[in-house]
Amino acid sequence: MSKGVVLVVDDEPPIRDILSFYLKRADYQVLVAENGLRGLEEMSKLQPDLIISDLRMPEMAGDDFCRQVKSDAATKDIYFMLVSALDGSMSKIGGLNIGADDMISKPFHAQEVMAKVDSAFRIIAMQKEIKRQNVILTEFQDRVNNEMELASRLQMGMLPVLPGVAPGIQYTHRYLPAEGIGGDIYAITPLPDGSTAMMIADVSGHGVTAALISSMVKTSFESQLRLSLDPLAWAVGMNQDLSRNTLAEQFATAFLAHLDPATGEMAYVVAGHPAPFKIPSGNPGAPGKPEQLSGMGFMLGIDAELSFTSQRTSFLVGDRLVLFTDGLEEVEREDRTYLGEEGLMTFCSDLPADAEQATMQLVNQVQTYNGPATFSDDVTLVVVDRVK
Amino acid sequence: MLNIQARQEGNAAIVTIQGKVNFEVTAQLRDVIRDTVAQQQPKLLVINLEGVSFIDSSGLGLLVAARNSVDKSSGKLHLCGLPAQVKKTFDQTNLTNYFSIFTTEQDALRGT
């Protein structure tokens with residue numbers, strides 16, 4: 001097998017013969033042509049790896065030939081050596097500027113040309129290997145991207161369908177994962193006794209691992225709902241599930257709540273999660289001041305033995321609850337001022353009555369604050385309006 | 001920018017962290033803590049958070065994992081120098097009650 005294909009283009013037969021002789025002896029397959037035009041014809045039959053072309057030739061000179069080869073996407077990677085007498089017709093730099101990969105000055109020693117050819121083929125081999133690996137990488141990347149897109153759609157499918165309705169509430173959300181898929185999750189579930197369960201959680205980390213655990217969190221939450229109506233029991237159960245089934249550094253912050261629409265009473269657990277804001281109904285057209293729910297507690301999944309506490313508050317018709325993950329408040333302005341919960345609460349003091357518009361406004365305000373940077377963490381916002 | 005330094009003092013290993021502890025830097029921090037625990041097998045690991053401006057949930061996770069790994073080798077983990085912002089994150093997650101937290105590094109080394 002030949003070491004590669006070399007096209008020799010020169011209008012002087014003796015030079016073509018000498019180069020052909022040495023190249024063939026060194027196991028290269030050789031094509032010959034007497035000028036650029038003939039060279040292009042040869043190339044249409046068999047594409048060479050390397051071209052050694054004289055500069056001065058009738059019909060098509062070496063510089064034109066080189067430009068043609070280098071401007072065609074199909075041939076531009078062919079290694080091009082331009083042979084030129086150093087008589088002022090073409091400087092070495094001039095040759096490289098028109099796209100030649102190397103210059104050989106006339107008169108030349110055949111050994112010098114052969115050394116250059118061998119060196120060129122080492123580069124060609126390297127380029128081929130890089131191209132081959134690039135193809136593999138691109139294919140791999142495409143596959144990963146496709147799978148991520150599928151996973152992302154699947155994750156979006158785990159979220160409640162909007163506009164959301166459950167006993168005593170209407171709600172909407174914005175879900176913005178930082179990397180296509182993320183570790184945020186929320187669920188709002190009507191319970192058989194006419195009450196409503198709510199959960200928002202943020203799994204530590206980002207990406208695929210966090211997304212996998214987030215679906216585990218949701219499953220765990222749903223299985224707890226079948227056992228009890230008490231968010232404290234849910235927290236204990238979910239904490240045990242997560243402690244057993246995740247690695248050391250993986251856990252979730254969560255807010256869990258149970259609303260009894262008949263009494264307007266809401267029991268809840270804050271598990272290492274930013275406590276939601278409640279915006280009391282206030283007077284018509286003038287909503288009350290947002291207040292952050294009290295309570296704090298461990299994140300879920302640190303240690304199966306940890307205990308939690310629950311709180312109670314009223315959630316009455318006309319009130320609004322703003323649930324969010326820390327990605328919405330852990331943002332920095334360009335002057336490095338940190339938004340934080342206080343800043344986010346200020347944004348919440350002036351929200352439109354319509355929940356959809358309110359979520360849009362709030363996310364826009366935070367995005368503007370954070371700008372021009374994009375969110376680096378998963379962001380979830382759920383606006384829950386208490387209705388009859 | 002995160003700056004991590006580890007040093008030894010008697011039976012104790014001290015890791016000093018400065019900067020923002022978030023998802024991007026946890027790998028780097030994890031390596032330092034793991035190497036420190038593996039090489040020195042300290043009776044006491046002190047992590048000084050005095051220069052930490054921000055810690056997110058992955059950072060907290062790392063500290064929890066550090067405590068667990070020190071626990072396994074019958075050592076102790078003491079945290080010290082929590083700035084207000086970090087203290088708030090610890091309070092919110094109740095981790096103030098999960099870790100032994102001290103005001104100064106000297107206190108943390110003495111364990112009082």
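This briefing walks through the domains, sheets, cores and chain contacts of the structure above. The model is a predicted one, so please read every value below as computed from it. Chain A is divided into domain 1, covering 5-132, and domain 2, covering 159-386. The C-alpha centres of these two domains of chain A lie 68 Å apart.

**The five-stranded sheet of chain A**

- Five strands of chain A form an open sheet in the order E8-E9-E10-E11-E14, with antiparallel pairing.
- Its edge strands are E8 and E14 (311-314) of chain A, each of which pairs on one side only.
- From one strand to the next, the twist averages 15°.
- Strand E8 of chain A (residues 184-190) is joined to E9(A) by seven bridges, and the two run antiparallel.
- Within this pairing, A:Ile188 stands opposite A:Met198, and A:Asp184 stands opposite A:Asp202.
- E8(A) and E9(A) form a hairpin with five residues between them, and A:Gly194 in the turn has a positive phi of about 90°.
- Eight bridges join E9(A) to strand E10 of chain A (residues 252-260), again in the antiparallel sense.

**How buried is strand E9 of chain A?**

- Strand E9 of chain A spans residues 196-203, and eight of its eight residues are buried, so the strand is largely enclosed by the rest of the structure.
- Both of its faces are covered: A:Thr196, A:Met198, A:Ile200 and A:Asp202 are buried on one side, while A:Ala197, A:Met199, A:Ala201 and A:Val203 are buried on the other.

- Strand E12 of chain A (residues 277-279) is joined to E13(A) by two bridges, and the strands run antiparallel.
- A:Lys278 has A:Glu291 in E13(A) as its bridge partner.
- E12(A) is also joined to E15(A), by three bridges and with antiparallel direction.
- In that pairing, A:Phe277 has A:Val322 as its bridge partner.
- E15(A) and E16(A) pair in the antiparallel sense over five bridges, and A:Arg320 is partnered by A:Asp385 in E16(A).
- Five of the five residues of E15(A) are buried, so this strand is largely enclosed by the rest of the structure.
- From E15(A), A:Arg320, A:Val322 and A:Phe324 point one way and A:Leu321 and A:Leu323 the other way, and all are buried.

**Nonpolar cores**

- The largest nonpolar core holds 95 residues, of which A:Val217, A:Ala252, A:Leu256 and A:Ala271 touch the most other members.
- Leaving aside residues up to four places away in sequence, A:Ala252 touches several residues, including A:Val203, A:Ile213, A:Val217, A:Leu242 and A:Met299.
- Another core, of 26 residues, lies apart from the largest one, and A:Ile51, A:Ile52, A:Phe65 and A:Ala120 are among its members.

**A closer look at A:Ile124**

- A:Ile124 lies in helix H5 of chain A (residues 110-158).
- With 19 other C-beta atoms within 10 Å, A:Ile124 is partly exposed, because the cut-off for buried is 20 or more.
- Not counting residues up to four places away in sequence, A:Ile124 touches A:Gly4, A:Asp49, A:Leu50 and A:Tyr79.
- A:Ile124 and A:Ser204 are 80 residues apart in sequence and 47 Å apart in space, C-alpha to C-alpha.

**Where chain B meets chain A**

- In total, 14 residues of chain B are in contact with 16 residues of chain A.
- On the side of chain B that touches chain A, helix H2 (57-72) and helix H3 (84-92) of chain B each supply at least two residues.
- H2(B) gives the most to this side, with seven residues.
- The residues on this side of chain B divide into five nonpolar, seven polar and two charged.

Conventions
Residues are numbered from 1 along each chain as its sequence is written. Chains are lettered from A and ligands numbered from 1 in the order in which they are written. This is a predicted model: local features need pLDDT of at least 70, side-chain atom pairs count only at pLDDT 80 or more; totals for chains, interfaces and linings use all residues. Two strands pair if DSSP finds at least two bridges between them. Helices (H or I, at least four residues) and strands (E, at least two) are DSSP runs, numbered from the N terminus. Domain bounds come from an automatic or database domain assignment. A nonpolar core is a set of buried Ala, Val, Leu, Ile, Met, Phe, Trp, Tyr and Cys residues joined through C-beta atoms within 7 Å. A residue is buried if 20 or more other C-beta atoms lie within 10 Å of its own, exposed if 12 or fewer, and partly exposed in between; C-beta atoms are placed from the backbone. Two residues are in contact if their C-beta atoms, placed from the backbone, lie within 7 Å. Ala, Val, Leu, Ile, Met, Phe, Trp, Tyr, Cys and Pro count as nonpolar, Asp, Glu, Lys and Arg as charged, and the others, Gly among them, as polar. Axes are lines fitted to C-alpha atoms, for helices over the stretch in contact, and angles run from 0 to 180 degrees between N-to-C directions.
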